[in-house]
Amino acid sequence: MRKAIFWDFDGTLTVADHLWSRCLHQALGPLAGRLGIAREMLSAQLDKGFPWSPDGDPSLKGENWWPAMIPVFQRAYRQAGLPETQAAEAAKLVRAQVLRPEYYRVRPDAAATLAVCAYKGWKNYLLSNNFPELEEVLEALGLRHFFAGIVNSGQLGLCKPDERIFRKAELIAGFPSFIWMVGDNPTADIAGARQAGWHTAHIAKPGTSSSGAEVTVSSLTELLKYL
């Protein structure tokens, strides 16, 4: 029996750490301090405009992805108080910050969990709503070799929870007979995968409301007893 596990990236294999607001803040450099722009001021402006946001364009992919994000970053900067000219310049620098591997905190049990799953006969795949160069970041983090394939919205122009990206994932994996989706987002990961007929595991903080997943755990290691 062919078995596959599709793993989300942000907040699942890595610790959720407000990546986008951090990178926007870092792109400002010394200007952030001079103008009194805190990271939290930017975070409040980043709840829309991304391809996976309700108001975003999920079809964005490849070379068109980052240019479409420039206005999103500019808007966040302007609403945080940055003058328009400086907002436009800073927005162009965000991409380089996002691609810096040191900004990602891989869960301490991620590599071991992926290795054990492979040992047990599972094929690991990544299924993520993310920027096009995610595979490069995975390589830099030492995680790429764990995955038989990568399904990335920024390469496909489809975003979770759209059922089509789950069907594409099945195709890439060669239509496994048994599939799990492991993720931290109740809508994109859990609801989307359930709609596709997959088994689901929710990586959640203790006390989090039920997402409807078959399994809810607080660590990747804990997940192993269900696989």
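Gln45 sits in the loop between helix H3 (39-43) and H4. Helices here are DSSP runs of H or I with at least four residues, strands are E runs of at least two, and both are numbered from the N terminus. Gln45 is buried, because its relative accessible area is 18%. Buried means under 20% relative accessible area, exposed means over 50%, and partly exposed lies in between (1.4 Å probe, protein chains only). Leaving aside neighbours within four places in sequence, Gln45 contacts Arg75, Ala76 and Gln79. A contact means heavy atoms within 4.5 Å. Tyr77 is 32 residues from Gln45 in sequence, and the two C-alpha atoms are 8.2 Å apart.

This is a predicted model, in which local features need pLDDT of at least 70 and side-chain atom pairs count only at pLDDT 80 or more, while totals for chains, interfaces and linings use all residues. Residues are numbered from 1 along each chain as its sequence is written, and side-chain values use heavy atoms, with hydrogens and water left out.

**The cores**

Which residues touch the most other members of the largest nonpolar core? They are Trp7, Phe73 and Tyr77, in a core of 55 residues. Helix H4 (residues 65-79) gives the largest share of this core, 7 residues. A second, separate core has 15 residues, including Phe6, Leu127, Val151 and Ala193. A nonpolar core is a set of buried Ala, Val, Leu, Ile, Met, Phe, Trp, Tyr and Cys residues joined through side-chain atoms within 4.5 Å. In soluble globular proteins, nonpolar side chains tend to be buried together.

Tyr77 touches Leu24, Ala27, Leu28, Leu42, Leu82, Ala87, Ala90, Ala91 and Val94, not counting residues up to four places away in sequence.

**Thr200**

Thr200 belongs to strand E5 (residues 199-203). Is Thr200 buried or exposed? Thr200 counts as buried, because its relative accessibility is 0%. Beyond four places in sequence, its contacts include Trp180, Met181, Ile190 and Ala193. Gly212, Ala213, Glu214 and Val215 are also among the contacts of Thr200.

**Backbone exceptions**

Most residues other than glycine have a negative phi, and most peptide bonds are trans. The table lists places that depart from this.

| Site | Backbone value | Location |
|---|---|---|
| Lys160 and Pro161 | cis peptide bond, omega about 10° | Pro161: loop between helix H9 (153-156) and helix H10 (163-172) |
| His18 | positive phi, about 50° | loop between strand E1 (3-7) and helix H1 (19-28) |

His18 counts as exposed, because its relative accessibility is 57%.

**The whole chain**

The protein chain has 12 helices and 6 strands. Its C-alpha atoms fill a box of roughly 60 × 35 × 30 Å along the principal axes.

Of the 227 residues, 50% count as buried. Among contacts between residues at least 6 apart in sequence, 62% join residues at least 24 apart. The accessible surface comes to about 10,600 Å², and 52% of this belongs to carbon and sulfur atoms. Accessible areas come from the Shrake-Rupley method with a 1.4 Å probe; for residues, only the protein chains shown count as cover.
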